Amino acid sequence: MKSAVQRAALAALACLATATQADTLTEALLQGQMQQSFEGDVVASCGVVISGLELASSGKALVFSGSFAVYDPGGGLVKGGANEIDAKDVGSPDSVKRINPLKVENVWFKAQGAPRTVVLAGSSIGKAEDKGYIIYPTPFKPLSSLLQSVLTKQPIQVGMRVAGRKADQVLFGVVNMSDAQSEQLAQCVTEWTGAMVEKYKPKQ
């Protein structure tokens, strides 16, 4: 009787696992580069461009390229696209020719202990100027946490939903940036924060 109950429980768990379509997380090499923009002579946005390569020894390896940036205390932008390559071809002289573009329906970033980026209420995901990329506005909180994670070298997650697949594929790892890049990003955030305080301070 006990073994029958155990078998039933295991069967139920298997059904539940199949029904939930859990995301797949894999470790990745994430490389970052800071980005910024100006309005006149004042910093208007700060962000990070991220390139990611899934650390796979066989099968297909996921390749990600995208960015996130804060523009305003109300939020910022997320942009991204994805490709796949046979793991055996990674690092080969003609690897660029062997990359297959993927159609992504959604892309998101997430810092530890913070919500992931989502489409800002009242907005929608659109096509970016770069072919194969999508872009959307997102709230400030997840972006703030992401910037902090990058600056303190804490791991983040990069998720994407590929068209025709039933679950997100998620890469995770620490975003590698040079000390000089990190210093520039920290300076950008400091200047941007000061600019926002000045812009939104109560008028006398």
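Which ring does the charged end of Lys79 sit over? Hold that thought for a moment, everyone, and have a look at the structure. Please keep in mind that this is a predicted model.

So, the ring belongs to Tyr133: the charged end of Lys79 is placed over that ring, 5.6 Å from its centre. There is another arrangement of this kind to look at, where Arg116 lies over the face of Trp108, and here the distance to the ring centre is 4.7 Å.

Let's stay with rings and turn to how they meet one another. A pair of aromatic rings is described by two things, the distance of the centres and the angle of the planes. Searching the whole structure turns up three aromatic pairs. One of them joins Phe68 and Phe109 in an edge-to-face arrangement, with 5.1 Å centre to centre and 65° between the planes.

Are they buried or exposed? Phe68 has 1% relative accessibility and counts as buried. Phe109 is buried too, with a relative accessible area of 0%. Phe64 also belongs in this picture, because ring pairs link Phe64, Phe68 and Phe109 into a cluster.

Now for a pair with another geometry. Phe140 and Trp192 are stacked, at 6.0 Å centre to centre and with 15° between the planes. This time we are looking at helices: Phe140 lies in helix H2 (residues 140–151) and Trp192 in helix H3 (residues 179–200), so the pair ties together parts that are 52 residues apart in sequence. Phe140 has 27% relative accessibility, which makes it partly exposed, whereas Trp192, at 6%, counts as buried.

Next, let's talk about empty space. Rolling a probe the size of a water molecule over the atoms shows where such space is left. In this model, the largest pocket holds about 340 Å³. Its lining is made of 15 residues, and nearest its centre are Leu102, Lys103, Lys131, Gly132 and Tyr133. Sorted by class, the lining has seven nonpolar, five charged and three polar residues.

What is the volume of the second largest pocket? The answer is about 220 Å³. Here 17 residues form the lining, and the closest to the centre are Gln35, Val49, Ser67, Tyr71 and Lys79. So Lys79 turns up again, this time close to the centre of a pocket. Strands E1 (24–39), E2 (42–54), E3 and E4 each contribute two or more residues, and E3 gives the most, with six. By class, this lining divides into eight nonpolar, seven polar and two charged residues.

Asp168 is in the loop between strand E9 (156–162) and strand E10 (169–173). Although it is in a loop, Asp168 is buried, with a relative accessible area of 7%. What does its side chain touch? The side chain of Asp168 makes a polar contact with the side chain of Arg161, at 2.6 Å.

Conventions. Residues numbered from 1 in each chain as written. Predicted model: local features only at pLDDT ≥ 70, side-chain atom pairs only at ≥ 80, totals over all residues. Heavy atoms only, no water. Phe/Tyr/Trp six-rings, centres within 6.5 Å; stacked < 30°, edge-to-face > 60°. Buried < 20%, exposed > 50% of the residue type's maximum accessible area, 1.4 Å probe, protein only. Helix = DSSP H or I, 4+ residues; strand = E, 2+ residues; numbered from the N terminus. Lys NZ or Arg CZ within 6 Å of the ring centre and 35° of its normal. 1 Å grid on protein atoms, 1.4 Å probe; cavity = no way out; pocket = protein on both sides within 12 Å on 5 of 7 lines; lining within 4 Å. Points joined across faces, edges and corners; volume = space filled by probe spheres on them. Nonpolar A, V, L, I, M, F, W, Y, C, P; charged D, E, K, R; others polar. Polar contact = N/O pair within 3.5 Å; in protein donor to acceptor, adjacent residues only side chain to side chain.
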